[in-house]
Amino acid sequence: TASPAEGAQPTASSAAWLERGRAVIPGGVNSPVRAFGAVGGEPRFVVEAEGAVLRDVDGNEYLDLVGSWGPMILGHTHPEVLEAVTAAASRGFSFGTPNPTEVELAEEIVRRIDPVESVRLVNSGTEATMSALRLARGFTGRELVVKFAGNYHGHVDALLASAGSGLATFALPDSAGVPAATAAQTLVLPFNDVPALEAAFAEHGAGVAAVIVEASPGNMGIVPPTPEFEQAMRRLTREHGALLISDEVMTGFRASRTGWLGLSQMGDAPDLFTFGKVVGGGFPVAAFGGRAEVMAQLAPAGPVYQAGTLSGNPVAATAGLTTLRRCTDEVYATLDHAREVITGAVTEAFTAAGIPHRIGRAGTMFSVFLTDAEVTDYASAQQQDTALHARFFHAMLRRGVHLPPSAFEAWFVSAAHTGDVLDRIVEAIHASAREITA
Ligand code: PLP
């Protein structure tokens with residue numbers, strides 16, 4: 001096994017797998033950002049992960065700052081989660097009937113997130129936002145949806161307009177295959193822009209079913225909402241009879257114990273929430289929930305249809321439930337310490353190297369912008385030096401640290417990002433900053 005060292009790693013086996021993959025999978029990947037399109041080079045094929053470490057098919061080890069894009073909050077292959085999942089799997093993989101574990105997971109979510117009285121489990125964040133939109137449309141009898149530029153809510157047709165990271169990364173303003181009629185039902189507004197929101201409601205208010213917002217956006221880098229913006233979203237949706245959907249797929253149970261909700265200055269809570277990532281602990285689980293009166297519109301209780309063969313899957317729900325129960329205050333303190341150490345090192349190293357930068361932050365979550373302009377929305381996030389990010393990314397990778405392969409992503413830490421792991425990341429940050437400005 002190669003240790004995380006400077007210099008080129010052997011990557012022949014990853015390259016061979018990529019070639020085999022490309023023959024049978026579009027681009028060789030099952031989610032576009034994994035292809036390294038924004039940073040160049042070729043992705044590593046990982047065969048094993050434990051704690052903060054990824055191991056690839058060539059035997060290289062990497063300290064992981066992606067965390068499977070958010071779910072691995074306890075670190076990879078956490079022993080308690082592994083034990084619970086193994087025990088659950090030994091009792092059966094999927095029953096197609098109600099099961100106790102899905103009820104316990106729903107109870108855990110409802111217990112932790114006050115305004116969520118009732119919750120439905122699904123298999124991905126995309127399903128959660130798609131279903132929340134249908135529910136909002138069914139509840140209000142309206143069709144228009146307001147979203148914000150740079151906010152990503154999964155690959156839902158209606159929400160694939162100006163959707164941040166993956167799309168920002170590939171510079172596609174939109175996706176082919178989305179019907180014009182569907183896109184026409186979505187209003188895209190600049191984020192953190194109260195006058196734009198007021199103007200949209202003044203013109204279209206009576207037709208708006210919902211405003212959907214990333215609770216604190218993480219898909220254009222971390223760009224928290226201003227309190228004024230949060231309060232305007234709540235006030236205007238109320239005044240015009242629209243629902244407010246807070247997408248906490250990324251922030252939920254991660255930005256804080258109670259997600260962004262625990263940090264928000266909105267005052268009154270949103271009507272609906274979507275969760276994913278951490279709620280599945282690395283398995284395909286997501287959820288949407290909110291006020292009982294709204295959720296009661298869902299089938300079988302109400303007329304809004306929504307379903308899933310594997311929804312509430314007992315093995316996946318066990319992973320989510322065990323992960324959430326293990327997310328103690330101590331875990332959030334550990335994440336916050338890791339955030340502080342890593343962002344401190346970035347600030348110090350980048351300042352010394354003369355690299356313009358800003359840190360985005362939402363509770364325990366953070367990202368690094370390679371710009372010296374203040375970042376408050378998608379347009380300012382796009383001022384970044386993405387070419388410099390690509391060089392930094394590869395300098396870190398060569399030193400055995402796996403960053404998100406895009407300048408528009410959060411860096412994800414876990415409860416395993418402590419001690420020696422942090423020391424090695426800090427060292428790599430300093431060395432990489434020097435290298436890219438040498
Ligand atoms: N919403 C937000 C805020 C996300 O960050 C993501 C995924 O990154 C999604 C929705 C979509 O979730 P999934 O990839 O599980 O479909």
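Predicted model: local features only at pLDDT ≥ 70, side-chain atom pairs only at ≥ 80, totals over all residues.
Trp69 belongs to the loop between E3 and H2, and its phi is near 70°, a positive value in a residue other than glycine. Ser68 is found in the loop between strand E3 (61-64) and helix H2 (79-90). Its phi is also positive, near 55°, and Ser68 isn't a glycine either. Ser68 is partly exposed because it has 18 C-beta neighbours inside 10 Å.

## The lysine in the record

Which residue does UniProt list as the modified one, N6-(pyridoxal phosphate)lysine? The unreviewed entry points to Lys277. In the model, Lys277 sits in the loop between strand E9 (272-275) and strand E10 (286-290). Is Lys277 buried or exposed? It's buried, because 27 other C-beta atoms lie within 10 Å.

Setting aside neighbours within four places in sequence, Lys277 is in contact with Trp69, Gly70 and Pro71, and also with Gly125, Val249 and Met250.

## Around the ligand

How many residues surround the ligand? There are 16, and the closest are Ser124, Gly125, Thr126, Gly154 and Val249.

By type, the shell divides into 9 polar, 5 nonpolar and 2 charged residues.

The protein is divided into domain 1 (12-77 + 328-437) and domain 2 (79-326). Their C-alpha centres lie 25 Å apart. Where the two touch, domain 1 puts in 35 residues and domain 2 puts in 38 residues.

On the domain 1 side, helix H11 (329-353), strand E11 (358-362), strand E12 (365-369) and helix H12 (378-381) each supply at least two residues. E12 gives the largest share of that side, at 4 residues. If you sort the domain 1 side by type, you get 19 nonpolar, 12 polar and 4 charged residues.

In soluble globular proteins, nonpolar side chains tend to be buried together. In this model the largest nonpolar core has 122 residues, and the members that touch the most others are Ala136, Ala210, Leu243 and Ala287. The core draws at least three residues from domain 1 and at least three from domain 2.

Take Ala287 as an example. Not counting residues up to four places away in sequence, Ala287 touches Ile109, Val119, Arg120, Leu121, Val122, Ala128, Phe275 and Val279.

Gly312 is found in the loop between helix H9 (292-295) and helix H10 (314-326). Why is Gly312 counted as buried? Because it has 23 C-beta neighbours inside 10 Å. Beyond residues up to four places away in sequence, Gly312 touches Asn99, Glu102, Leu121 and Ala317. Leu121 turns up here as well as among the contacts of Ala287.

Gly312 and Arg120 are 192 residues apart along the chain, but their C-alpha atoms are separated by 8.5 Å. Arg120 is another of the residues that Ala287 touches.

The loop between H9 and H10 also holds Pro300. The peptide bond from Ala299 to Pro300 is cis, with omega near 10°.

## Phe148

Phe148 is found in strand E5 (residues 144-148). With 30 C-beta neighbours inside 10 Å, Phe148 counts as buried.

What does Phe148 contact, leaving aside its neighbours within four places in sequence? The list is Leu189, Pro190, Phe191 and Val213. Phe148 and Asp193 are 45 residues apart along the chain, with their C-alpha atoms separated by 9.5 Å.

Conventions:
Residues numbered from 1 in each chain as written. UniProt positions renumbered as here; feature names shortened; annotations may be inferred. Buried ≥ 20, exposed ≤ 12 C-beta atoms within 10 Å, placed from the backbone. Contact = placed C-beta atoms within 7 Å. Core = buried A, V, L, I, M, F, W, Y, C linked by C-beta atoms within 7 Å. Domains from an automatic or database assignment. Near = placed C-beta within 6 Å. Nonpolar A, V, L, I, M, F, W, Y, C, P; charged D, E, K, R; others polar.
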